[in-house]
Amino acid sequence: MEGPMGAESGDVHGRWRFDFHGDPAAADSAMEDRHDPTLSCAMTVLAAAKQARLRGIRAAVGRLETTPGEPDRVPARASAWLDAYAAEEGDLAAYLAEVSAQASARAARDGTRLDVVAEIVPRSDRPGP
């Protein structure tokens, strides 16, 4: 039986917000001088999709946000909300660990800082329907 938006009942579900913090700058600042959180965030969205395909996880980044959201500025923060479903809690945990590791590595290369915040925590002791 399917649940919300095609999720199968019995699936383990998690949602995490990836917040990348950088240094705001003008759009005309030199590329090598930037600590652009949107670059870290964009790579993480791609990594999440690739890892989901490789692991048989169903996942999406359905929301992206930059602050400030000005077209002529490198933002101070870029956030992505990752929503994922898996048959087993361990599969979901391994998926999150890999995506988080790739996000952290990219943040280090970009000179940004990453916070991962669980918004829906998968737990096997959660009461059933």
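pLDDT is the predictor's confidence in each residue, on a scale from 0 to 100.

**Figure 1. Overview of the predicted model.** This is a predicted model. Its mean pLDDT is 90, and 87% of the residues reach 70 or more. Where pLDDT is low, the predicted coordinates should not be read in detail. Among the elements, confidence is highest in helix α1 (residues 37-55), at 98. It is lowest in strand β2 (residues 25-26), at a mean of 94. The protein has 2 helices and 6 strands. From the N terminus, they follow the order β-β-α-β-β-β-α-β. Of the 129 residues, 35% are buried. The exposed surface comes to about 7,500 Å², with carbon and sulfur atoms supplying 54% of it. Among contacts with a separation of 6 or more, 75% link residues 24 or more positions apart.

**Figure 2. Strand β5 and its two antiparallel partners.** Strand β5 covers residues 77-86. It runs antiparallel to β1, and 10 bridges join the two. Histidine 13 has tyrosine 85 of β5 as its bridge partner. Strand β5 also runs antiparallel to β3, here through 9 bridges. Arginine 63 has tryptophan 81 of β5 as its bridge partner. How much of β5 is buried? The count is 9 of its 10 residues, so the strand is largely enclosed by the rest of the structure. In a regular strand the side chains alternate between the two faces of the sheet.

**Figure 3. Helix α1 and its buried residues.** The 19 residues of α1 should span 27 Å at 1.5 Å a residue. The C-alpha atoms at its ends are 27 Å apart, in agreement with that value. The buried residues of α1 are Pro37, Ser40, Cys41, Met43, Thr44, Ala47, Ala48, Gln51 and Ala52. Which elements do the buried residues of α1 pack against? They pack against strands β1, β3, β4 (73-74) and β5, and against helix α2 (89-110). Just after α1 comes glycine 56, with a positive phi of about 75°.

**Figure 4. Alanine 48 within helix α1.** Alanine 48 is found in α1. Its relative accessibility is 4%, so alanine 48 counts as buried. Beyond residues up to four places away in sequence, alanine 48 touches Leu82, Tyr95 and Val99. Alanine 60 is 12 residues away from alanine 48 along the chain. The C-alpha atoms of these two alanines are separated by 7.8 Å.

**Figure 5. The salt bridge between arginine 58 and aspartate 11.** The protein has 9 salt bridges. In one of them, the side chains of arginine 58 and aspartate 11 meet, at 2.1 Å from N to O. Arginine 58 lies in strand β3 (residues 58-67), and aspartate 11 in the segment before β1 (12-21), so the pair ties together parts that are 47 residues apart in sequence. Are the two partners buried or partly exposed? Arginine 58 is partly exposed, at 34% relative accessibility. Aspartate 11 is buried, with a relative accessible area of 19%. The cut-off for buried is under 20%.

Figure 6. Side chains of opposite charge can pair when their charged atoms come close. Arginine 17 forms a salt bridge with aspartate 19, and their closest N and O atoms are 2.8 Å apart. Aspartate 19 is buried, with a relative accessible area of 7%. Arginine 17 also forms a salt bridge with glutamate 119, at 3.1 Å between the closest N and O atoms. Arginine 17 lies in β1 and glutamate 119 in strand β6 (residues 113-120), so this pair ties together parts that are 102 residues apart in sequence. Glutamate 119 is partly exposed, with a relative accessible area of 37%. Salt bridges with shared partners join Arg17, Asp19, Arg63, Glu65, Arg77 and Glu119 into one network.

**Figure 7. Proline 24 in the loop between β1 and β2.** Proline 24 lies in this loop. At 47% relative accessibility, proline 24 counts as partly exposed. Leaving aside neighbours within four places in sequence, proline 24 is in contact with Arg73, Val74, Pro75 and Ala76. Proline 24 and proline 75 are 51 residues apart in sequence. From C-alpha to C-alpha, these prolines are 4.9 Å apart in space.

Key
Residues numbered from 1 in each chain as written. Predicted model: local features only at pLDDT ≥ 70, side-chain atom pairs only at ≥ 80, totals over all residues. Heavy atoms only, no water. Helix = DSSP H or I, 4+ residues; strand = E, 2+ residues; numbered from the N terminus. Buried < 20%, exposed > 50% of the residue type's maximum accessible area, 1.4 Å probe, protein only. Contact = heavy atoms within 4.5 Å. Areas by Shrake-Rupley, 256 points an atom, 1.4 Å probe, with all protein chains shown as cover. Salt bridge = Lys/Arg side-chain N within 4 Å of Asp/Glu carboxyl O. Pairing = 2+ DSSP bridges. Expected span 1.5 Å × (residues − 1).
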